[in-house]
Amino acid sequence: MCSRKREEDCLYHALISKREGNIAIAMPSSACNQRKKAAFSGGGSLPDEIIMEVLLRLPVKSILRFRAVCRSWAVFFSTEQFCNLHMATPKIAPLKLLFVSPTSRPGSTEVFSCSPSGPKDDLLFTLDSACGNSMQVVMPAPCHGLTLLFDAVAPAYYICNAATRAVTRLPPFRHSVRCTSTGLGFDAWTRKYKVVRLIKGSRHDNESVRCEVYTHGSGYGDCWRPPTGGIPFGLCRFAGAAVNNAAFFSLPPVFANGHLHWLVQPSLFSKKPRAAVISFSLAEETFSFVGPPPFWTSEMYSSTPLSASGPEFVPFCPGTLGEHLVQIDNQPCMVRDLRYNRNGGCILEIWKLPDRSSCAWSLNHRISLLGRVATDLRQPKVVRVIGSTGTSMSTKKILIATSMHKICDKFQKKVYTYDLNSESLETILSITEAHASLEGMNPSSRFSLFEESLAPVHETVEEIKLSTTLPPNRN
């Protein structure tokens with residue numbers, strides 16, 4: 001770390017000392033494709049392509065620091081062109097987590113980052129208008145560097161970029177209801193981020209389930225709106241079951257391969273349902289479904305199916321919650337929890353869906369019940385796979401989060417890395433959280449993975465109007 005910091009300092013001071021000259025830093029030919037070159041103030045003997053390759057591999061913190069070199073660098077580093085190239089360039093970054101915590105002041109929330117090798121937690125920013133006890137991190141993995149937060153008291157959503165410390169509050173949504181599930185995804189066609197809410201209606205609503213979409217950074221017309229395609233009538237019951245499952249068991253949707261995915265609870269049906277996952281295309285704004293995995297058998301379905309169309313939450317029955325979704329290598333995966341299955345022979349199975357059209361679920365990883373793995377993962381009531389690290393099988397590790405109820409409103413949360421080769425478990429985070437109320441069997445999460453990105457966080461209409469009406473700062 002020290003040598004890397006010295007190299008960045010040398011590059012920074014070299015660029016500062018040479019900014020009186022003129023040099024054009026062009027995009028690498030493989031990525032430029034006749035795009036416009038960006039002019040920088042600086043000078044030196046390094047070729048343009050080498051300087052660009054260095055810049056693309058720097059961490060976000062260094063890029064933000066290098067904006068002080070000159071005005072043209074500051075402008076260029078803020079362009080979508082450079083941000084996309086920086087995100088697409090492979091980097092070796094240490095594993096980091098993001099988590100939110102209430103402050104000593106009421107109605108305030110602090111957002112931290114931490115890493116296994118870090119000496120202490122790093123305070124990223126503070127939200128003075130958000131209630132810390134009710135703040136949730138909606139999804140365990142960021143979407144291209146952006147994280148979705150939710151204040152259940154307000155209620156209000158926030159989008160933040162932990163690397164740049166930028167945050168914005170989304171406008172109020174059209175319907176505020178108790179039973180809902182929300183996710184953040186990226187539309188590759190328009191290159192816009194979208195927040196999607198599935199909302200369960202009451203018995204008196206004309207629609208049993210509906211959907212709202214917010215397009216981030218769409219300008220002065222940004223607001224919550226119905227999706228372009230709507231929810232097909234044939235999928236309404238499955239969508240309602242997915243919302244019930246997500247809300248009660250605190251199972252957020254998973255974004256992978258351009259779609260948000262919600263898991264359907266099989267115990268809601270008397271026979272094998274044709275849909276195991278409801279998916280929403282961020283580009284087309286249409287719903288579809290994915291068929292069940294091969295291990296969904298008739299024994300999983302209740303003899304008296306619970307209502308998937310009513311507003312009630314699904315009561316917990318032992319053995320009914322055996323699966324959850326996770327994104328690994330940009331593919332949706334289903335995790336099968338077999339800790340309490342006598343014939344399972346292992347703790348967790350991870351089934352991948354490489355081809356959505358064929359619904360061919362395939363067993364990808366198996367985490368065996370051996371040694372310390374058994375000790376640490378058998379006791380917690382909730383065990384979730386939240387992602388992976390590493391680019392090859394020799395370096396890949398599975399990230400596992402657990403939650404154990406201690407006393408009263410106290411819950412012990414831990415995050416582990418599981419090495420697929422050595423079958424060893426390492427603790428990277430252990431915290432105790434207080435949750436004042438529980439609507440489901442498990443409180444919502446307050447942490448997620450940390451992803452380096454220069455993705456912009458745009459002001460909303462309300463924030464722009466507020467900034468124009470505030471008196472100027474004369475200090």
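This is a predicted model: local features need pLDDT of at least 70, side-chain atom pairs count only at pLDDT 80 or more; totals for chains, interfaces and linings use all residues.

Select strand β3, residues 97–102, together with β26: the two pair in the antiparallel sense over three bridges.

The four strands form an open sheet in the order β5-β4-β3-β26, with antiparallel pairing. Which strands form the edges of this sheet? They are β5 (122–127) and β26 (447–449), each of which pairs on one side only. From one strand to the next, the twist averages 20 degrees. As a general point, strands of a sheet pair through backbone hydrogen bonds, in either a parallel or an antiparallel sense.

Together β8 and β9 form a hairpin with four residues between them. In the turn, select Arg165, which has a positive phi of about 65 degrees.

The next stop concerns cysteines. Select Cys143 and Cys211: are they buried or exposed? Cys143 is buried, with a relative accessible area of 3%, and Cys211 is likewise buried, at 7%. In general, a disulfide is a covalent bond between the sulfur atoms of two cysteines. For a pair to count here, the sulfur atoms must lie within 2.5 Å; by this rule, the count comes to zero disulfides.

Turn next to charged side chains. How many salt bridges does a search of the whole structure find? It finds twelve, and three of them can be visited in turn.

- Select Arg57 and Glu53. They form a salt bridge in which the closest N and O atoms are 2.5 Å apart. Arg57 is partly exposed, with a relative accessible area of 40%, and Glu53 is partly exposed at 30%.
- Select Lys194 and Glu285. Their side chains meet in a salt bridge at 2.9 Å, N to O. The pair links distant parts of the chain, 91 residues apart: Lys194 belongs to strand β11 (residues 192–200), whereas Glu285 lies in the loop between β16 (277–281) and β17 (287–290). Both Lys194 and Glu285 are buried.
- Select Arg366 and Glu349. Here the closest N and O atoms of the salt bridge are 3.2 Å apart. Arg366 lies in strand β21 (residues 362–367) and Glu349 in strand β20 (residues 348–352), so the pair ties together parts that are 17 residues apart in sequence. Arg366 is partly exposed, with a relative accessible area of 43%, whereas Glu349 counts as buried at 5%.

Salt bridges that share partners join Asp187, Lys194, Arg225 and Glu285 into one network.

Where is Leu46 found? Leu46 is in the loop between β2 (38–41) and α3 (48–56). Leu46 counts as partly exposed, because its relative accessibility is 47% and that class runs between 20% and 50%.

Note on methods
Residues are numbered from 1 along each chain as its sequence is written. Side-chain values use heavy atoms; hydrogens and water are left out. Buried means under 20% relative accessible area, exposed over 50%, partly exposed in between (1.4 Å probe, protein chains only). Two strands pair if DSSP finds at least two bridges between them. Axes are lines fitted to C-alpha atoms, for helices over the stretch in contact, and angles run from 0 to 180 degrees between N-to-C directions. A salt bridge is a side-chain nitrogen of Lys or Arg within 4 Å of a carboxyl oxygen of Asp or Glu.
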